[in-house]
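The sequence and model come first.

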Amino acid sequence: MSWGTELWDQFDNLEKHTQWGIDVLEKYIKFVKERTEIELSYAKQLRNLSKKYQPKKNSKEEEEYRYTSTRAFLATLNEMNDYAGQHEVISENMTSLITGELTRYVQELKQERKSHFHDGRKAQQHIETCWKQLEASKRRFERDCKEADRAQQYFEKMDADINVTKADVEKARQQAQLRHQMAEDSKAEYSSTLQKFNSEQHDHYYTHIPNIFQKIQEMEERRIVRIGESMKTFAEVDRQVIPIIGKCLDEITKAAESIDHKNDSQLVIEAFKSGFEPPGDVDFEDFTQPMKRTVSESSLSNSRGDGKSEPKFGGKSKGKLWPFIKKNKGAGPEDFSNLPPEQRRKKLQQKVDELNKDIQKEMDQRDALTKMKDVYIKNPQMGDAASVDHRLAELGQNIEKLRLEVQKFEGWLAEVEGRLPARTEQARRQSGLYEAQNTSAVNSCAQDRESPDGSYTEEQSQETEMKVPATDFDDEFDDEEPLPTIGTCKALYTFEGQNEGTISVAEGEMLYVIEEDKGDGWTRIRRNEDEEGYVPTSYVEVYLDKNAKDS
């Protein structure tokens with residue numbers, strides 16, 4: 001099967017076909033190029049997608065990634081980033097192994113094709129020239145034969161005419177002989193030209209054209225093989241990254257399988273556990289018994305269950321949540337006293353750990369500088385030992401400051417964990433926790449922050465926005481005239497008033513109200529002439545006297 005023998009007369013069609021083959025190759029190159037652009041675009045979009053959902057550093061969102069489900073999601077994002085990288089590899093390999101190689105090959109193919117068809121046209125032009133020479137020789141031989149025939153006829157006519165002179169007859173005879181000779185010469189030339197043309201034509205159709213067409217056929221077959229190899233490479237480039245992509249998918253599956261719902265549930269407990277105990281049962285109140293108003297402590301303590309109005313979380317305290325713990329919109333207290341006990345303990349422990357790490361860093365730097373100083377002392381030419389003294393002193397001061405900070409936070413931590421007694425009012429003022437106290441005595445410690453529903457208010461008390469020295473606070477209590485009673489109240493829950501300014505009450509105990517809730521969530525009550533203080537408004541049911549309400 002050879003184009004030279006089978007398609008000897010299809011020069012123009014072969015020229016069109018080989019051009020079509022080059023067009024197909026260029027079309028395939030364009031296809032692969034667009035595929036690489038798609039891969040790059042896809043990889044970029046995947047990377048942007050992964051980056052978009054990555055947690056922001058030092059944000060609340062980053063804290064959420066301690067749960068196994070969110071860690072699995074983070075692992076998925078990271079794997080998708082690697083997944084995108086493999087698509088970039090696909091694009092790079094296709095560009096170098098297919099697009100680049102084929103583009104160079106197309107240029108070589110065009111040059112080779114041009115050369116072959118140039119040789120073919122040249123051969124065609126040569127055979128056409130030989131054919132024209134043959135035609136010219138043939139026409140000349142034909143013309144000379146006709147001229148010889150006419151000259152012969154003219155001679156015979158002159159020879160038969162008795163009136164023509166011998167000289168004219170001889171002239172006619174010589175002319176006829178000349179024409180015959182010319183015809184013979186033309187015949188010989190025509191015969192030679194014909195023989196030569198037949199030889200050239202045979203070489204053209206059986207040697208030159210077959211050779212040229214064979215080269216064109218080989219060129220076309222190489223093109224076909226090359227495009228096939230490129231298609232295999234196209235698939236192989238994809239196949240090479242499949243194991244890595246498979247690993248990415250395996251890691252995503254592994255991350256998904258690592259999700260532990262029990263662990264996440266435990267983390268929720270650790271994150272939000274307040275450390276408070278739930279409230280006890282509500283006592284039955286018998287409204288058939290008149291309320292006993294006495295001033296004695298015994299009568300008040302024995303009046304549990306007595307009352308004269310329907311139990312309700314009424315008055316100003318209705319809907320009011322536990323008032324002490326507030327979500328400050330600004331920076332919270334240094335000792336995290338705005339948090340429930342359990343959360344406060346965790347924050348304090350975390351702060352202690354961070355400070356210890358800082359101390360270790362400073363100590364490492366100090367040790368390194370000490371060694372450097374020793375080297376300078378032993379080898380003065382390497383440096384001045386006195387040059388590091390300032391930095392060593394600075395590090396020593398930093399370490400001492402950090403240790404004091406650690407002691408301070410460890411003290412708060414010990415207080416939360418019950419290892420140390422509650423600090424004095426003065427110590428609390430120094431820590432910055434109770435800077436905002438006044439006569440409302442909003443200085444309940446973390447363990448006093450229990451509420452019936454375990455929730456907290458969002459509002460900021462007026463008292464916590466004031467700074468009053470401890471002496472002023474004490475003098476205000478000492479010099480203050482006893483306030484008149486404006487009503488009574490019943491303790492709905494037991495409250496342990498462990499801080500100065502608060503008062504402990506037992507569940508069901510009846511007491512006197514001497515100051516209403518001013519909006520800070522605290523009500524001032526009195527048990528007897530010597531015992532009075534603040535309790536959370538949500539812990540008592542207030543019954544104001546009619547005159548107090550009217551006023």
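The points below go from the whole chain to single residues.

This is a predicted model, in which local features need pLDDT of at least 70 and side-chain atom pairs count only at pLDDT 80 or more, while totals for chains, interfaces and linings use all residues. Residues are numbered from 1 along each chain as its sequence is written, and side-chain values use heavy atoms, with hydrogens and water left out.

**Whole chain**

- The protein chain has 12 helices and five strands, taken as DSSP runs numbered from the N terminus (helices: H or I, at least four residues; strands: E, at least two).
- Of the 551 residues in the protein chain, 37% are buried; buried means under 20% relative accessible area, exposed over 50%, and partly exposed in between (1.4 Å probe, protein chains only).
- Counting contacts (heavy atoms within 4.5 Å) between residues at least 6 apart in sequence, 75% join residues at least 24 apart.

**Nonpolar cores**

- The largest nonpolar core holds 31 residues, and Leu25, Tyr28, Met94, Ile98, Phe213 and Ile216 have the most contacts inside it.
- Helix 2 (11–52), helix 4 (68–160) and helix 5 each contribute at least two residues to this core, with the largest share, 11 residues, coming from helix 4.
- Such a core is a set of buried Ala, Val, Leu, Ile, Met, Phe, Trp, Tyr and Cys residues joined through side-chain atoms within 4.5 Å.
- Not counting residues up to four places away in sequence, Phe213 touches Trp3, Gly4, Leu7, Trp8, Phe11 and Leu14.
- A second, separate core has 17 residues, among them Ile486, Cys489, Leu492 and Phe495.

**Helix 8 and helix 9**

- The axes (lines fitted to C-alpha atoms over the stretch in contact, with angles from 0 to 180 degrees between N-to-C directions) of helix 8 (residues 341–378) and helix 9 (residues 389–416) come within 9 Å and cross at roughly 160°.
- Helix 8 is therefore roughly antiparallel to helix 9, the term for angles over 145 degrees.

**Glu220**

- Glu220 lies in helix 5 (residues 166–257) and is buried, with a relative accessible area of 2%.
- Leaving aside neighbours within four places in sequence, Glu220 is in contact with Trp3, His17, Thr18 and Gly21.

**Lys346**

- Lys346 belongs to helix 8 and is partly exposed, with a relative accessible area of 30%.
- Lys346 touches Glu270 and Ala271, not counting residues up to four places away in sequence.
- The C-alpha atoms of Lys346 and Leu413 are 8.9 Å apart, although 67 residues separate the two along the chain.

How values were computed:
Parallel < 35°, antiparallel > 145°, perpendicular 65-115°, else oblique.
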